[in-house]
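The sequence and the structure are shown first, and the description follows.

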Amino acid sequence: MNKLISITLTFTLMVIVISSGCETSKVYQDLSIDEANKILLHKNGNEEMFYWELDDEKNLWEFELGHITALKLYRDSIKFELGDNKYKSAIQKESVQNLEKSLIENEENGDRINALLVHSGAVGEIRRINYLESQILNYQIGRFPLFSRPTEFHGFIAENEKEGKIKVYFGSSDTEWPPKPTIIIQEIDKELKRGWKLKYHLHNHYCKKDRDYIGILAPSLADAQYYKMLKERFNIEKSLITNGFHTVEIDNQDFAKFESH
Ligand SMILES: [Zn+2]
């Protein structure tokens with residue numbers, strides 16, 4: 001009889017432990033960054049454009065990351081390939097903003113000037129990747145593993161302050177360059193008339209093996225040109241570039257400081 005009570009107790013405890021485990025993960029599931037909750041705008045083979053509509057919760061912008069299986073796999077692959085020390089120093093190297101500003105004067109290559117503007121601290125702010133950015137990147141690299149089949153996505157984040165909602169517009173394919181987001185731009189145009197505001201553009205950078213994989217946290221010439229257009233057309237607040245570890249935030253008043261096409 002005692003044995004039966006003890007078995008029943010153990011079972012009850014197990015149920016409690018398991019269900020409280022589910023409670024913790026539910027917080028993240030509620031944010032609906034997944035396949036099921038996307039609202040499709042366009043699909044052609046692997047090319048897709050859609051948006052997620054989410055409640056503008058505080059933890060979207062914080063640094064505790066949720067379920068990011070694909071992103072973790074990407075990080076582990078780089079770590080395995082580079083070894084612990086090189087892995088840490090490669091991530092660190094791309095996150096600093098303390099290089100000499102005078103390096104910019106002697107540089108002629110536009111992409112390198114842009115990188116120096118960020119890494120000397122002249123423009124932008126580098127910080128850890130946040131929850132929302134990690135979810136968006138995780139979605140894309142769950143489709144195509146970033147380590148073995150690198151791709152870039154286009155992300156646009158719009159806000160409706162009155163309704164307390166955000167929309168994350170997303171465009172990508174299986175290619176290194178994202179497809180032109182014409183359909184998304186048309187959609188944003190419509191939403192701006194209904195009280196939405198385009199706040200951020202987000203995309204990802206990666207590097208190949210010769211540069212230790214960690215993506216450059218600065219806009220390319222093409223990126224900078226695109227940002228200028230987004231400012232002119234939508235008065236977008238900031239642009240964001242993430243490499244899966246850190247993200248650089250660039251205010252719209254600084255877009256003009258970058259070299260562009
Ligand atoms: Zn770029």
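## Overview

Of the 261 residues of the chain, 33% count as buried; a residue is buried if 20 or more other C-beta atoms, placed from the backbone, lie within 10 Å of its own, exposed if 12 or fewer, and partly exposed in between. The secondary structure comprises 7 helices and 8 strands, taken as DSSP runs (helices H or I, at least four residues; strands E, at least two) and numbered from the N terminus.

Residues 24 or more positions apart supply 70% of the contacts in the chain with a separation of 6 or more. Two residues are in contact if their C-beta atoms, placed from the backbone, lie within 7 Å.

## Basis and confidence

The model is predicted, with local features requiring pLDDT of at least 70 and side-chain atom pairs counted only at pLDDT 80 or more, while totals for chains, interfaces and linings use all residues. Residues are numbered from 1 along each chain as its sequence is written.

The average pLDDT (the predictor's confidence in each residue, from 0 to 100) is 90 for the chain, and 88% of the residues score at least 70. Over residues 7–27, however, pLDDT stays under 50, and the model has 0 contacts there beyond four places in sequence. Where pLDDT is low, the predicted coordinates should not be read in detail.

Strand β1 (residues 39–44) is hardly covered, with 0 buried residues among its 6. This strand pairs with β2 (residues 47–55) in the antiparallel sense over 5 bridges; pairing requires that DSSP find at least two bridges between two strands.

Asn44 stands opposite Glu47 in β2. The hairpin has 2 residues between its strands, and Gly45 takes a positive phi near 65 degrees.

The largest nonpolar core has 56 residues, of which Val168 and Phe170 touch the most other members. Its largest share, 6 residues, comes from helix α5 (residues 131–143). Such a core is a set of buried Ala, Val, Leu, Ile, Met, Phe, Trp, Tyr and Cys residues joined through C-beta atoms within 7 Å. Beyond its neighbours within four places in sequence, Phe170 has contacts that include Met49, Phe50, Tyr51 and Ile136.

Helix α5 is mostly covered, since 11 of its 13 residues are buried; among them are Tyr131, Glu133, Ile136 and Ile141. The buried residues of α5 pack against several elements, including α2 (69–82), β5 (165–172) and β8 (246–251).
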